[in-house]
Amino acid sequence: MLSRTASNLYWLARYMERAETAARFLEVGARIALVPNVGHGYRNEWDALLRAAGTSIQFAQKYGEPIQRNIESHFFFDQENESSVAACLTRARENGRIVRTALTAQVWDALNTAYQELRELERTPRSELSLSQLTDWTMRTTALIRGTIDSTQLRNDNYDFLHVGYHLERADNTARLLDVKYYVLLPQVEFVGSGLDNYQWMTLLRAMSAHRAFHWAYGGEVTAARIAHFLILNPQCPRALITCVDGLNTHLERLGRGYGRRTPAQSAARQMLARLAETEVAEIFDVGLHEFLSRFIDEVGAVGQKVHDSYLSGDVR
Amino acid sequence: MIDFFNEMYDAGGVRPPYAKLRDWMDTMPAELRSLKQAEAEALFRRIGITFAVYGEGGDPDRLIPFDMFPRVFAHAEWRRLERGIKQRARALNAFLADVYDRGEIVRAGRIPKRLVYLNEAYEKAVAGIRPPKGVYSHIVGIDLVRTGPDEFYVLEDNCRTPSGVSYMLENREIMMRMFPDLFGANRIEPVDSYPSLLRRTLASVAPEKCPGDPTVVILTPGHFNSAYYEHSFLADLMGVELVEGQDLFVEGEHVWMRTTRGPERVDVIYRRIDDPFLDPLCFRPDSMLGVPGLMDVYRAGGVAIASAPGAGVADDKAIYCYVPEMVRFYLGEEPILENVPTWQCAKPDELKHVLANLPELVVKEVHGSGGYGMLVGPKASKEQIEAFRAKLTEQPHNYIAQPTLALSTVPTFVEEGVAPRHVDLRPYCLVGERIELVPGGLTRVALTEGSLVVNSSQGGGVKDTWVMAE
């Protein structure tokens with residue numbers, strides 16, 4: 001297939017996943033903001049969110065105060081914020097339009113319908129839209145598109161490039177969502193293990209639609225260590241870092257086999273998986289969660305670059 | 001008052017090909033009609049067939065209005081049109097092969113030298129090159145209008161890359177989906193073989209230097225182009241890659257495309273970009289859309305390009321006047337389809353006639369398209385006419401004039417019910433090893449009452465076009 005087509009498919013998936021993450025960010029923020037703001041040492045919860053999303057400076061310049069309405073604009077509607085739901089969906093659809101021929105009618109239909117609905121939402125008076133409506137719509141839409149991909153696309157290299165994009169983006173995004181915790185609450189000893197601490201952890205689980213799954217998997221106490229284990233190292237959790245890296249491996253392996261050619265992307269992803277499989281939660285907390293996540297995000301970025309060089313750049317020999 | 005030919009009704013009542021449509025029309029409740037119209041629009045939007053008009057801004061996802069009332073040809077009517085269209089496509093290709101070779105028709109004094117060799121669309125760069133199978137224009141779109149039961153005129157020829165065929169195919173799909181009963185009651189010839197015929201046509205002109213099953217691609221200017229939908233639609237139905245200039249490169253004696261597995265040889269390029277953008281080393285140096293070195297490979301017979309560079313010289317509006325002459329000269333036949341009588345403003349005595357009769361004439365730019373830069377005399381204001389008079393006097397070479405044709409009408413759904421609206425027809429003739437024409441084409445309709453301009457950029461719509469089976 002054309003390298004450019006592969007690239008469009010890969011980015012289509014990345015933007016879809018990123019749109020979903022923007023909605024999840026909104027949800028985390030809204031829930032954290034519902035807890036009474038006790039004591040010192042806090043930053044404004046919304047501000048924490050913006051920092052984790054990496055857009056706090058951009059936000060401050062455009063909107064000033066982080067109040068909920070502005071946050072909604074920023075994370076959902078703002079086309080100038082490259083990570084907003086609207087910007088991501090628009091670009092996902094544009095990538096899809098470019099490679100219409102590589103998508104099934106169902107996938108295109110879902111993608112295009114999402115775009116038409118988005119235009120409709122943009123025309124709806126804001127007073128008639130609640131935050132949960134926006135986030136629910138986004139998650140339903142992204143799930144629908146992903147569902148059409150899984151149930152209708154041929155299992156060929158198209159499919160693998162879509163999934164490489166999905167898994168890479170999800171790995172990056174889960175790490176960033178986890179990192180919200182670091183920004184919300186600077187690691188001050190007196191808060192660790194407090195009721196508030198646990199509440200924030202639960203909120204994160206919720207934002208990843210994983211709070212019930214967590215209880216099924218672990219039962220009993222909610223502790224930072226267990227949640228970190230669930231979201232980083234437990235292959236049962238669909239958003240866990242290890243699950244994303246595993247999926248990335250599966251699809252890069254399939255590409256390598258199909259093309260009869262090993263690539264640096266494949267080796268890098270395999271090494272990442274091997275390291276994660278050996279890691280224990282205690283080690284993560286020893287290094288510091290934030291440090292661990294930062295390094296992980298860098299590694300994901302490096303694999304992304306290798307995928308680009310190995311398949312998408314058009315200079316393949 | 002001009003008397004317009006109505007394709008559905010004549011003095012004797014409903015004309016036979018439309019017989020069954022009358023009941024359909026009469027028995028359709030108004031609510032159902034608007035329901036179906038909304039359904040059609042939703043289908044078009046969901047499929048993503050949209051049309052962006054150059055430089056107009058506004059909604060980039062605008063739809064071309066679709067009218068549900070079909071336009072119908074009787075079998076015999078179509079057979080005659082078909083012969084005429086194929087004849088014309090053959091003559092146009094013979095002309096192209098000739099003017100890039102010995103130029104016999106010019107030597108014989110049948111066409112003025114100046115019109116051919118000084119024509120902007122004449123590509124000196126390809127003179128002397130014989131494209132594979134000698135075909136220059138592989139998809140010939142011939143715009144036809146009707147003025148009476150047996151009177152058809154060719155309005156213009158499109159030898160480069162005529163667009164709109166996706167509408168021919170989608171209009172039919174949507175009609176079949178919405179009104180299956182109509183297709184049960186009428187015997188309508190199918191058009192859905194077009195994509196496979198197109199692929200076969202393109203494959204048949206693969207260069208001899210390219211052994212094996214030829215790789216065909218469509219070359220698009222990119223997804224910002226207003227016809228991008230059509231490019232991707234055709235690529236999909238033919239099962240070929242849709243490439244941009246950046247996806248191709250030249251190495252050795254061939255053109256290659258960049259794939260995830262490495263370079264893959266390309267044998268036939270169906271290009272949907274204009275000559276000047278094909279190769280920055282040969283034509284416009286600032287073109288970002290083309291492939292550097294493409295013309296060298298083409299010259300050496302390493303790749304086929306459809307339509308061949310330079311094909312535009314045959315569809316120029318000044319050359320148009322000589323197409324009947326081409327039919328006689330190359331084929332030794334009488335033209336089956338007539339030209340619209342045309343005055344060439346470049347000729348002083350004809351210009352005089354044109355200037356004296358501007359309010360009755362249609363004046364067009366020789367190189368214009370899309371219905372822009374033209375004057376429709378009977379519809380124009382005094383000021384518009386005077387403005388055009390000035391342009392004409394200044395640059396007569398740029399214009400031709402034709403009588404205002406009494407374009408036929410077909411019943412069309414409008415606000416108040418059903419009313420006659422003017423139509424034209426663009427069939428798509430395929431020329432490769434064989435000449436093929438699917439029974440149908442794109443009918444464009446001027447939706448504004450009394451309007452004769454059917455261009456989609458000027459508020460025209462489209463209809464499904466039926467050819468009845470024998």
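In what order do the 4 strands of the open sheet of chain B lie? The legends below begin with that view; the model is a predicted one, in which local features need pLDDT of at least 70, side-chain atom pairs count only at pLDDT 80 or more, and totals for chains, interfaces and linings use all residues. Residues are numbered from 1 along each chain as its sequence is written, while chains are lettered from A and ligands numbered from 1 in the order in which they are written.

**View 1. The open sheet of chain B has the strand order 14-17-15-16, with antiparallel pairing.** Helices (H or I, at least four residues) and strands (E, at least two) are DSSP runs numbered from the N terminus, and two strands pair if DSSP finds at least two bridges between them. The edges are formed by strand 14 (343-344) and strand 16 (375-376) of chain B, each of which pairs on one side only. Strand 14 of chain B is joined by 2 bridges to strand 17 (residues 399-403) of chain B, where Ile400(B) is the bridge partner of Gln344(B).

**View 2. Strands 8 and 9 of chain B form a hairpin, and a further hairpin joins strand 9 to strand 10 of chain B.** Strand 8 (residues 248-251) and strand 9 (residues 254-259) of chain B run antiparallel and are joined by 4 bridges, with Leu248(B) partnered by Met257(B). There are 2 residues between these two strands, and Gly252(B) in the turn has a positive phi of about 65°. Strand 9 of chain B is also antiparallel to strand 10 (residues 262-266) of chain B, over 5 bridges, and here Trp256(B) has Arg265(B) as its bridge partner.

**View 3. Strand 3 (residues 66-73) of chain B is largely enclosed by the rest of the structure, because 8 of its 8 residues are buried.** A residue is called buried if 20 or more other C-beta atoms lie within 10 Å of its own, exposed if 12 or fewer, and partly exposed in between, with C-beta atoms placed from the backbone. Phe66(B), Met68(B), Pro70(B) and Val72(B) point one way from the strand, whereas Asp67(B), Phe69(B), Arg71(B) and Phe73(B) point the other way. Strand 3 of chain B pairs in the parallel sense with strand 23 (residues 460-467) of chain B over 5 bridges, and Phe66(B) has Val462(B) as its bridge partner.

**View 4. Helix 13 (residues 264-278) of chain A has end C-alpha atoms 22 Å apart, which agrees with the 21 Å that its 15 residues should span at 1.5 Å a residue.** The expected span is 1.5 Å times one less than the number of residues. Ala265(A), Gln266(A), Ala268(A), Ala269(A), Met272(A) and Leu276(A) are buried in helix 13 of chain A. Seen down the axis, these buried residues fall within an arc of 165° (taken from the directions from the helix axis to the C-beta atoms), so they line one face of the helix. On the other side of helix 13 of chain A, Ala274(A), Arg275(A), Ala277(A) and Glu278(A) are exposed. The buried residues pack against helix 11 (224-233), helix 12 (241-259) and helix 15 (289-312) of chain A, where contact requires C-beta atoms, placed from the backbone, to lie within 7 Å.

**View 5. The contact between the chains takes 18 residues from chain B and 20 residues from chain A.** On the side of chain B that touches chain A, the elements giving two or more residues are helix 2 (30-47), helix 9 (228-238), strand 7 (241-243) and strand 9 of chain B.

Key
Contact = placed C-beta atoms within 7 Å.
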